[in-house]
Amino acid sequence: MDNEITPGASCPAALADYPFFAAALEIEVLEKREGYAKVVMPLTRGHRNLMGTAHGGAIFSLADACFGYASGAPDKLGHVTAGASISYLAPGSVGPLTAECECVHGGQNIGTWDVRITDGNGKLIAVCRITSSARRTRTIE
């Protein structure tokens, strides 16, 4: 992956090829369509906490990245996380971790998204509800 971004490039176009933080976490997109995304992240030593299970921050980052892919809109509006609530239901001990995000409500300015995170055995380990705010695209300087 090229680490350079063209100055003045549209954010959605640039982000399609350069997922920034998601790349650092080794998140891969399995499926993406309007209002839905499914992503996967390995459970490496770097993703684990001191107890050897998935770190809560890694799980939340997976949920937020999944939302980011699901919320990509063709109408030149990007969606950013305005608020989020996550419930950790079980430790993530077996990788990879998978997140699926669906739009619950897509308003003109505010959206609501649900994300479910499962471990490598398909066990539900966390649920996250994200409130999004629509923003016009900006350029990367």
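Tutor: Two residues are said to be in contact when heavy atoms of theirs lie within 4.5 Å. With that cut-off in hand, and keeping in mind that this is a predicted model, we can begin with Ile 27, which, leaving aside its neighbours within four places in sequence, is in contact with Ala 22, Val 39, Val 40, Met 41, Ser 61, Leu 62 and Ala 65.

Ile 27 belongs to the largest nonpolar core, a set of 28 residues, and it is listed with Leu 62, Leu 97, Val 115 and Ile 117 as the residues that touch the most other members. The elements that give two or more residues to this core are β2, α3 (56-70), β4 (97-106), β5 and β6 (124-136), and the largest share, nine residues, comes from α3. As a general background, nonpolar side chains in soluble globular proteins tend to be buried together.

Strand β2 (residues 36-41) pairs with strand β1 (residues 28-33) in the antiparallel sense over five bridges. Within this pair, Val 29 stands opposite Val 39 in β2, and Val 39 is also one of the contacts of Ile 27. The hairpin of β1 and β2 has two residues between the strands, and there Gly 35 takes a positive phi near 80°.

Strand β5, another contributor to the core, spans residues 110-118 and includes Thr 112. Thr 112 has a relative accessible area of 17% and therefore counts as buried, the cut-off being under 20%. Not counting residues up to four places away in sequence, Thr 112 touches Glu 102, Cys 103, Val 104, His 105, Arg 129 and Ile 130.

For the chain as a whole, 35% of the 141 residues count as buried, and of the contacts with a separation of 6 or more, 60% are between residues 24 or more positions apart. A word of caution belongs here: the mean pLDDT is 82, with 79% of the residues reaching 70 or more, but over residues 1-16 the pLDDT is below 50, although this stretch has 25 contacts in the model beyond near neighbours in sequence.

Notes
Residues are numbered from 1 along each chain as its sequence is written. Side-chain values use heavy atoms; hydrogens and water are left out. Buried means under 20% relative accessible area, exposed over 50%, partly exposed in between (1.4 Å probe, protein chains only). Helices (H or I, at least four residues) and strands (E, at least two) are DSSP runs, numbered from the N terminus. Two strands pair if DSSP finds at least two bridges between them. A nonpolar core is a set of buried Ala, Val, Leu, Ile, Met, Phe, Trp, Tyr and Cys residues joined through side-chain atoms within 4.5 Å. pLDDT is the predictor's confidence in each residue, from 0 to 100.
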